Amino acid sequence: MVLHLFQLPWQALCVALLSVLLLRYIRSYIDLRARRRGLSLPPGPIRWPLVGNMFNAPSSWKPWLGYRGLIAEFGEVVYLEVLGRSMIILGSADVMNEFLEKRSAITSDRPPSPLSVLVGQQDNFNFLRYGPRWRHLRRNFWQYFHSGVIPTCHPMQESFARKSLARFLEPASDVKEVVHYAFGGAILKFVYGVEAEDEKDARVVALDEAFDGVREITAPVQHVLEMLPFLSRLPTWTPSLGPLIAKLDKSKAAHQRNAREQYNHTKAMVARGEDNSSMVSKLLANMENSESLDADEEETTVIPIAAIAAEGQ
């Protein structure tokens, strides 16, 4: 007979949860000692057993104010540990340049996050670990968003800005939707070569839906889900976390659907000779000229890069 999680008494669930927290704490402590190699950590508030600095971490409401307070108290480099996860806070542009630019060889990597899978962003290079895959996607993305290319987008942006200004004069216009149209329409045109009709266009609305779940990941929720990833498998009727999980599932489905549909649509346009200027069409042309990439590698390169650009992540 299979014993379901919610058939267990609450005392057993509490003991199991505390056991997981304790094991995670011991493991993180051992890993931290191994990484430190006898070196001292940057200054920071006193850490409590198991929870670490969870109560010192800034809240999701204006977190920069909390970070500013920690920096004022402990200096420009502050160390926090929340539920076994280490955090380094850098408090000035000079310190950021020193660590993230001059020492990028040892600071470019990032730990894997279960959140990327929850929102369907496992191919987003913002979540990937540093390595060949990250460098490949980042290099292809950079070709279309460096400072020398951005001015070529200005005419397109101006065109959508004019359309939006005209819509503001309409009595029934919604300011938020019109602004979404100005940005979403321009990016859809640039990335996929499609023309959004107005702020009600399904493709513009879909961009916001795809990113809606990511916006719900506040700092406390992120730490809890990364610490206890099995919580993401709870049913949507679960109190507190259930509505969030439902929103993440909806966002993930929207992201995957939109990324695939827009890619297929633009690829079909290119095959018919209807589009020659979008980012996706240029990426496809580059892929065709590369003998080392097959059809599967073409999709795993173009689809995530286009989705990152379109959804603004």
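Buried means under 20% relative accessible area, exposed means over 50%, and partly exposed covers the range in between, with a 1.4 Å probe and protein chains only. By that cut-off Gln-262 is buried, at a relative accessible area of 11%. The structure is a predicted model, in which local features need pLDDT of at least 70, side-chain atom pairs count only at pLDDT 80 or more, and totals for chains, interfaces and linings use all residues. Residues are numbered from 1 along each chain as its sequence is written, and side-chain values use heavy atoms, with hydrogens and water left out.

**Chain overview**

- The protein chain has 13 helices and 2 strands; helices (H or I, at least four residues) and strands (E, at least two) are DSSP runs numbered from the N terminus.
- Of its 313 residues, 35% count as buried.
- The chain exposes about 18,900 Å², and carbon and sulfur atoms supply 59% of that area; accessible areas come from the Shrake-Rupley method with a 1.4 Å probe, and for residues only the protein chains shown count as cover.
- Among contacts (heavy atoms within 4.5 Å) between residues at least 6 apart in sequence, 59% join residues at least 24 apart.

**Gln-262**

- Gln-262 lies in helix H11, which spans residues 241-271.
- Apart from neighbours within four places in sequence, Gln-262 is in contact with Tyr-192, Val-194 and Arg-203.

**Packing of H8 and H9**

- Two packed helices are described by the angle between their axes and the distance between the axes.
- H8 and helix H9 (residues 202-215) pack at an angle of about 100 degrees, with their axes 9 Å apart; axes are lines fitted to C-alpha atoms, for helices over the stretch in contact, and angles run from 0 to 180 degrees between N-to-C directions.
- H8 and H9 are therefore roughly perpendicular to each other; the classes are roughly parallel under 35 degrees, roughly antiparallel over 145, roughly perpendicular from 65 to 115, and oblique for the rest.

**Nonpolar surface patch**

- Leu-165, Phe-168, Val-175, Val-179 and Phe-183 form a nonpolar patch on the surface, with about 490 Å² of accessible area together.
- Patches are made of residues with over 30% relative accessible area and no salt bridge, with like charges joined within 9 Å and nonpolar side chains (Val, Leu, Ile, Met, Phe, Trp, Tyr) within 5 Å.
- Helix H7 (154-168) and helix H8 (175-192) each supply at least two residues of the patch, and H8 gives the largest share, 3 residues.
- Val-179 is located in helix H8 and counts as partly exposed, at 31% relative accessibility.

**Salt bridges**

- Side chains of opposite charge can pair when their charged atoms come close.
- A salt bridge is a side-chain nitrogen of Lys or Arg within 4 Å of a carboxyl oxygen of Asp or Glu, and by this rule the count comes to 11.
- Asp-123 and Arg-133 form one of these, at 3.9 Å from N to O. Asp-123 lies in the loop between H5 and helix H6 (132-142) and Arg-133 in helix H6, so the pair ties together parts that are 10 residues apart in sequence.
- Both partners are partly exposed, Asp-123 at 39% and Arg-133 at 30%.
- Lys-200 and Glu-177 meet at 2.9 Å from N to O. Lys-200 lies in the loop between H8 and H9 and Glu-177 in helix H8, so this pair ties together parts that are 23 residues apart in sequence.
- Lys-200 counts as exposed at 58% relative accessibility, whereas Glu-177 is partly exposed at 29%.
- Glu-195 and Lys-189 form a salt bridge at 3.3 Å from N to O; Glu-195 is partly exposed at 36%, and Lys-189 is partly exposed at 30%.
- Glu-98, Lys-102 and Arg-103 are linked in a network of salt bridges.

**Asp-109**

- Asp-109 sits in the loop between helix H4 (104-107) and helix H5 (114-118), and is partly exposed with a relative accessible area of 39%.
- The C-alpha atoms of Asp-109 and Leu-128 are separated by 8.5 Å, with the two residues 19 apart along the chain.
- Leaving aside neighbours within four places in sequence, Asp-109 is in contact with Arg-129 and Tyr-130.
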